[in-house]
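Here is a friendly walk through one protein model. Have a look at the sequence and the 3D view, and then read on.

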Amino acid sequence: MRVQRALGSRSPSLAVATTMHHFSVASLLEAYQLSQGMEWMLLESIAHDRLLVASGFAEGIPGRGILSPTMSAEPATDGILISGTKKPCSLSHSMDLLTVSVSVPLKSGKGQQMAVAVVPAQSPGVRVEAFWGTPALAGAESHAVVLESVAVPEDLLVRIDPETEGRMDALQTAGFIWFELLMTASYLGAASALAEQVLREANASSEAQAAVLCELESAMGAVEGVALRTAGDLAGDDALVATLICRYTAQGAIGRTVRRCVEMLGGMAFVRNPRIAYLLSCTDALAFHPPSRLRMATSLHHWYAGAPLLMT
């Protein structure tokens with residue numbers, strides 16, 4: 001969390017892009033722990049060769065598992081052929097590998113099973129198309145990645161045994177928590193960059209500056225708290241609800257703090273320093289990451305309706 005906040009304070013695009021790498025690797029590791037195959041060799045290669053991994057998953061959207069198929073797959077000799085589009089896809093130009101979720105035939109030929117396909121970025125049939133049209137977070141390379149009948153060999157498929165698919169909810173929850181907490185810390189970093197500027201340059205009172213710091217540090221404390229609580233167990237509705245509450249509480253704090261910082265820096269600074277407007281637009285983008293407020297409210301309502309709590 002602290003590393004992502006530091007990155008976000010210097011380059012919001014880099015923080016957002018690397019969040020998707022971490023999310024991809026974490027989800028791949030969770031999938032491997034379900035399959036217990038030879039995929040550890042792939043994970044070792046990612047670490048040893050310092051490879052960047054982009055995400056073709058559903059990005060932890062509640063109601064749709066992170067491994068729900070996002071692309072189509074057809075059987076082929078010693079593997080599958082994958083077709084489809086992921087947009088936006090961060091790290092689209094810099095990725096070495098792309099992870100995508102697919103439904104593939106069982107080796108017995110009877111029925112289907114879930115799998116994570118790992119696609120080398122230089123594979124024939126993979127191309128990147130321009131998609132991101134705003135300068136905010138442009139460095140995250142969030143363009144469209146198109147796959148047209150891309151051959152993926154069997155040794156780059158992490159198959160999920162049908163007998164373990166009942167544990168897929170835990171896998172989705174783990175990926176969701178990684179995504180939300182890392183992304184929230186990244187945007188807190190972008191907001192912290194403006195706060196640093198206020199402390200250095202603004203003629204605001206000590207009380208006003210302290211109010212900014214209290215908002216940001218309280219939000220970061222909540223992020224770290226949820227991370228610590230879930231470090232040993234990423235499964236369960238309690239962890240999911242805590243993560244949702246933390247993300248949207250932090251999102252509110254970021255919005256209030258950033259606008260207060262811009263006001264304290266003043267109109268002349270806003271006009272003459274383009275980074276102020278840039279950070280303002282970057283921090284607003286947190287609202288566009290899943291889940292939506294409506295979906296979050298629905299999830300919380302269902303949870304609290306069954307929770308053994310006395311709400312007063």
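At what angle do helix α6 and helix α8 pack, and how far apart are their axes?

## Two packed helices

Helix α6 (residues 237-265) packs against helix α8 (residues 274-284) at about 170 degrees, and their axes lie 10 Å apart. Axes here are lines fitted to C-alpha atoms, for helices over the stretch in contact, and angles run from 0 to 180 degrees between N-to-C directions. The pair α6 and α8 is therefore roughly antiparallel (angles under 35 degrees count as roughly parallel, over 145 as roughly antiparallel, 65 to 115 as roughly perpendicular and the rest as oblique).

Which residues make the contact? From α6 come Ile254, Val258, Arg259, Val262 and Leu265, and from α8 come Ile276, Leu280, Thr283 and Asp284; contact means heavy atoms within 4.5 Å. Sorted by class, the contact of α6 with α8 has six nonpolar residues, one polar and two charged. In this scheme Ala, Val, Leu, Ile, Met, Phe, Trp, Tyr, Cys and Pro are nonpolar, Asp, Glu, Lys and Arg are charged, and the others, Gly among them, are polar.

## About the model

Please keep in mind that this is a predicted model: local features need pLDDT of at least 70, side-chain atom pairs count only at pLDDT 80 or more, and totals for chains, interfaces and linings use all residues. Residues are numbered from 1 along each chain as its sequence is written, and side-chain values use heavy atoms, with hydrogens and water left out.

## The protein as a whole

The protein has nine helices and eight strands; these are DSSP runs numbered from the N terminus, with helices being H or I of at least four residues and strands E of at least two. Of its 312 residues, 49% are buried (buried means under 20% relative accessible area, exposed over 50%, partly exposed in between, with a 1.4 Å probe and protein chains only).

Among contacts between residues at least 6 apart in sequence, 76% join residues at least 24 apart.

## The mixed sheet

Four strands, in the order β1-β4-β5-β8, form an open sheet with mixed pairing; two strands pair if DSSP finds at least two bridges between them. At the edges stand β1 (53-55) and β8 (157-159), each with a single partner strand, so one side of each has no neighbour in the sheet. On average, neighbouring strands of this sheet are turned by 35 degrees against each other, direction ignored.

Strand β4 (residues 97-105) pairs with β1 in the parallel sense over three bridges, and Thr99 in β4 is the bridge partner of Ser55. Nine bridges link β4 to strand β5 (residues 112-120) in the antiparallel sense, where Leu97 has Pro120 of β5 as its bridge partner. Seven of the nine residues of β4 are buried, so this strand is largely enclosed by the rest of the structure.

## The antiparallel sheet

Another open sheet has four strands in the order β2-β3-β7-β6, with antiparallel pairing. Its edge strands, β2 (72-76) and β6 (126-129), each pair on one side only. Here neighbouring strands are turned by 10 degrees against each other on average, direction ignored. Strands β3 (residues 79-89) and β7 (residues 143-153) run antiparallel and are joined by eight bridges; Ala151 in β7 is the bridge partner of Leu81.

## A residue in helix α2

Is Thr18 buried or exposed? Thr18, which lies in helix α2 (residues 12-35), is buried, with a relative accessible area of 15%. Leaving aside its neighbours within four places in sequence, Thr18 contacts Gln4 and Leu7.
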